[in-house]
Amino acid sequence: MSQDLIVVSNRLPAGDTPSGGLVVALDATLKREGGLWLGAAAEPEEYETDDLMSLPAEGYEKKAFRLNQQEYDRYYLGYANSVLWPLCHRRTDLLAIDRAFAETYVAVNRRIARHIAQAAGPDSLIWVQDYHFLPLAYELRKLGVQARIGFFLHIPFPSLSLLEALPEREIFHDWIAAFDLVGLQTRADVARCLELFRHHPRGEILLDGRVKHGDSVFSLRAFPIGIDTQGFADAAARSDGPSETRFGPGDTYLIGVDRLDYSKGLPNRFTAFGRYLDTREDKTKRPSFLQIAPPSRQEVPAYRETRLQLEAIAGRVNGENARLDWTPITYIHRAFRRADLPALYRMADVGLVTPLVDGMNLVAKEYVAAQDPDDPGVLILSRMAGAAEDMTEALLVNPFDIDEMAEAIATALNMPLAERRRRHAALLEVVRDSDVATWTERFMDCLRRA
Ligand code: ADP
Ligand code: G6P
């Protein structure tokens, strides 16, 4: 029997309780509509047959494809996270170009395509998530699959000039064009994608806005992703936060929450906080900065490098400023209980979201949703985050400009209540508009009509 809806994402929610916004939304949609959710097994293993593993899920089927160690190294750590991730995040200096990475990436996608081809009928909707699966529709079409296939890219779409650094740049066009619907985070992403195809000799932008590439035609649209806004706001209002903390309602502090990733601009953020401390007029003011940075992709060398930088800057700033009763930077580089985040956001005076580049950045939206509307904190947001396209009432900063960020911290900490309320109300409206449930519906509606 064929599945009505097939969702593919590299990461499946761990255990039974979905946590991240996207995972919550997909889980709810699949529960409602039924279907199949396919993702990678949690750990690499030396498998003998590549049958899918069934995992527990309510109301739909959840299955995992296996990866052996070599596939994990080349498909996940290699092509996905040492080629596509740095490319799309404008770090061509970090590219690890390797034929074996590209070959295994395509081979894994081909294998997944065979599994999907067995589960899909002509009326199925197939929704592919993110850069791990760029070739999936192309491979599915080769297997004769006629079903509608949608793709959503959670990270920035690369510009024409960046793409020059990708050996697979030519077939990249065919990969994208094999989808029926391509969803990107921002209008700027859509503009970059249009430019790419406009410049290609086989590409053409049709009058109705769709993109033609050779014999393929696909729809292209921005679908800015959001969070479970109300759920997050409720969790923040309900919880008192962790007991035994120096980060409570009476404390003045700034908060940052990011996977430890070079794209998140953490070294510049730490340096900017240090610059703020050096330049603040009233030295009796002693705000703290809480940075939660859970480990991510640690096997990739660039991530280890960022970690060393952070340890050095945090050590220096704390060494130069700490008092017996004050440690300026609290830097947590461990797995962290997600349930503690909403209250920590709510009690923080300032949310620091300063990536050097980011597809959207959900932490910016979570920080806003978690605030008390009567006494909200201030969001400092990088202009380079996709979120900045609509969240224009944040204090927007250039994450490369340390002085500007230090000044923004001073401005945020001194902002009068009326201005905080006004900015927060405007931001909350944006966050509500992009709610993840609406996001899912919009994408699925478009895919049905594609
Ligand atoms: P990225 O997707 O690049 O990691 P985003 O800011 O878009 O960045 O999304 C990060 C998500 O991960 C947010 O929803 C955030 O709340 C969540 N998150 C952050 N820290 C943790 C943690 N320790 N455990 C689980 N989820 C976390
Ligand atoms: C970003 C990517 C996701 C990825 C997540 C965590 O949000 O867009 O596809 O799942 O980071 O990274 P990881 O490599 O741990 O799955």
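Visitor: What stands opposite G351 in β15?
Guide: L379 of β15 is the residue opposite G351. This is a predicted model, where local features need pLDDT of at least 70, side-chain atom pairs count only at pLDDT 80 or more, and totals for chains, interfaces and linings use all residues. Residues are numbered from 1 along each chain as its sequence is written, while chains are lettered from A and ligands numbered from 1 in the order in which they are written.

Visitor: Why are β14 and β15 called paired?
Guide: Two strands pair if DSSP finds at least two bridges between them. Strand β14 (residues 350-353) and strand β15 (residues 378-382) have 4 bridges, in the parallel sense, so they pair by that rule. The strands themselves are DSSP runs (E, at least two residues; helices are H or I, at least four), numbered from the N terminus.

Visitor: Which strands are at the edges of that sheet?
Guide: The open sheet has 6 strands in the order β13-β12-β11-β14-β15-β16. Its edge strands are β13 (329-332) and β16 (395-397), each pairing on one side only.

Visitor: What leaves one side of β3 and β8 without a neighbour in the other sheet?
Guide: That open sheet has 10 strands with mixed pairing, in the order β3-β4-β2-β1-β5-β6-β7-β10-β9-β8. Both β3 (53-55) and β8 (203-205) stand at its edges with a single partner strand, so one side of each has no neighbour in the sheet. For β3, the partner β4 (residues 61-65) runs antiparallel and is joined to it by 3 bridges; there, M53 stands opposite A64.

Visitor: Why is α9 called roughly parallel to α10?
Guide: The axes of α9 (residues 266-279) and α10 (residues 301-321) come within 9 Å and cross at roughly 10 degrees. Angles under 35 degrees count as roughly parallel (over 145 is roughly antiparallel, 65 to 115 roughly perpendicular, the rest oblique), so α9 is roughly parallel to α10. Axes are lines fitted to C-alpha atoms, for helices over the stretch in contact, and angles run from 0 to 180 degrees between N-to-C directions.

Visitor: What makes the residues around ligand 2 belong to its shell?
Guide: A residue is near a molecule if its C-beta atom, placed from the backbone, lies within 6 Å of it. Around ligand 2 these are N10, R11, D130, H154, I155, S296 and R297.

Visitor: How confident is the predictor in the chain?
Guide: On the pLDDT scale, the predictor's confidence in each residue from 0 to 100, the chain averages 96, and 98% of the residues score at least 70.
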